[in-house]
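This briefing looks at one helix, its surroundings and its packing against a neighbouring helix. The sequence and the model come first.

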Amino acid sequence: MEPLDVLVLLGGFDRQTTGAAAWRRRVALVPPFHENHVLRHSLAFNLLLGRCWPPQAEDLAEAEAVARALGLGALLDRMPSGLHQLVGETGWQLSHGERARVFVARAILQRPDLVLLDESFDALDPETLERAVRCVLDRTRTTVLLAGA
């Protein structure tokens, strides 16, 4: 199958017209698992990338609510420091599915106009997938899901 040329407009304008910086504020991309990264820092830091740091109490509450809505509540409950637990290379190790949901939460928490999910749910079982999709649909304005065949 040949890739399609696609023109995406936000508010009637394309990326070139809007400008790269304004476009990045309005669009959040969740690339495939192998092209995304969990940084060696706290889970909160990884979730709230793209937001002001340090976070306010409201930011942390929102990050926890989104993480729980995506099915990461059991993970948060197991972590001794919760959102403040170090994750990444030498910190708490996350499964493939947990990492994928961290990436989705990161995009949701940026509050963009458009979220592009590129094979973001491949590692999820059917029950977790349903929960994650519901969370994304409830918390985003517009979502495009790309999935391989």
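Which residue just after α4 takes a positive phi? In this predicted model, that residue is Gly71, with a phi of about 90°.

**Extent of α4**
- Helix α4 covers residues 57-69 and has 13 residues.
- From its first C-alpha to its last, α4 reaches 18 Å, close to the 18 Å expected at 1.5 Å a residue.

**Buried and exposed residues**
- Asp59, Leu60, Ala63, Val66 and Ala67 are the buried residues listed for α4.
- Viewed down the helix axis, the buried residues of α4 fall within an arc of 130°, so they line one face of the helix.
- Ala57 and Glu58 are exposed and sit on the face of α4 turned away from its buried side.
- The packing partners of the buried residues are α3 (43-47), α5 (73-78), α6 (96-109) and α7.

**Packing of α4 with α7**
- Helix α7 spans residues 126-139 and packs with α4 at an angle of about 140°, the two axes lying 8 Å apart.
- This angle makes α4 oblique to α7, because only angles over 145 degrees count as roughly antiparallel.
- On the α4 side, the contact involves Ala65, Val66, Arg68 and Ala69; on the α7 side, it involves Arg131, Cys135 and Arg139.
- By class, the contact comprises 4 nonpolar and 3 charged residues, with no polar ones.
- Val66 is buried in α4 and is also among the residues that meet α7.

Technical notes
Residues are numbered from 1 along each chain as its sequence is written. This is a predicted model: local features need pLDDT of at least 70, side-chain atom pairs count only at pLDDT 80 or more; totals for chains, interfaces and linings use all residues. Side-chain values use heavy atoms; hydrogens and water are left out. Axes are lines fitted to C-alpha atoms, for helices over the stretch in contact, and angles run from 0 to 180 degrees between N-to-C directions. Helices (H or I, at least four residues) and strands (E, at least two) are DSSP runs, numbered from the N terminus. Angles under 35 degrees count as roughly parallel, over 145 as roughly antiparallel, 65 to 115 as roughly perpendicular and the rest as oblique. Contact means heavy atoms within 4.5 Å. Ala, Val, Leu, Ile, Met, Phe, Trp, Tyr, Cys and Pro count as nonpolar, Asp, Glu, Lys and Arg as charged, and the others, Gly among them, as polar. The expected span of a helix is 1.5 Å times one less than its number of residues. Buried means under 20% relative accessible area, exposed over 50%, partly exposed in between (1.4 Å probe, protein chains only). The arc is that of the directions from the helix axis to the C-beta atoms.
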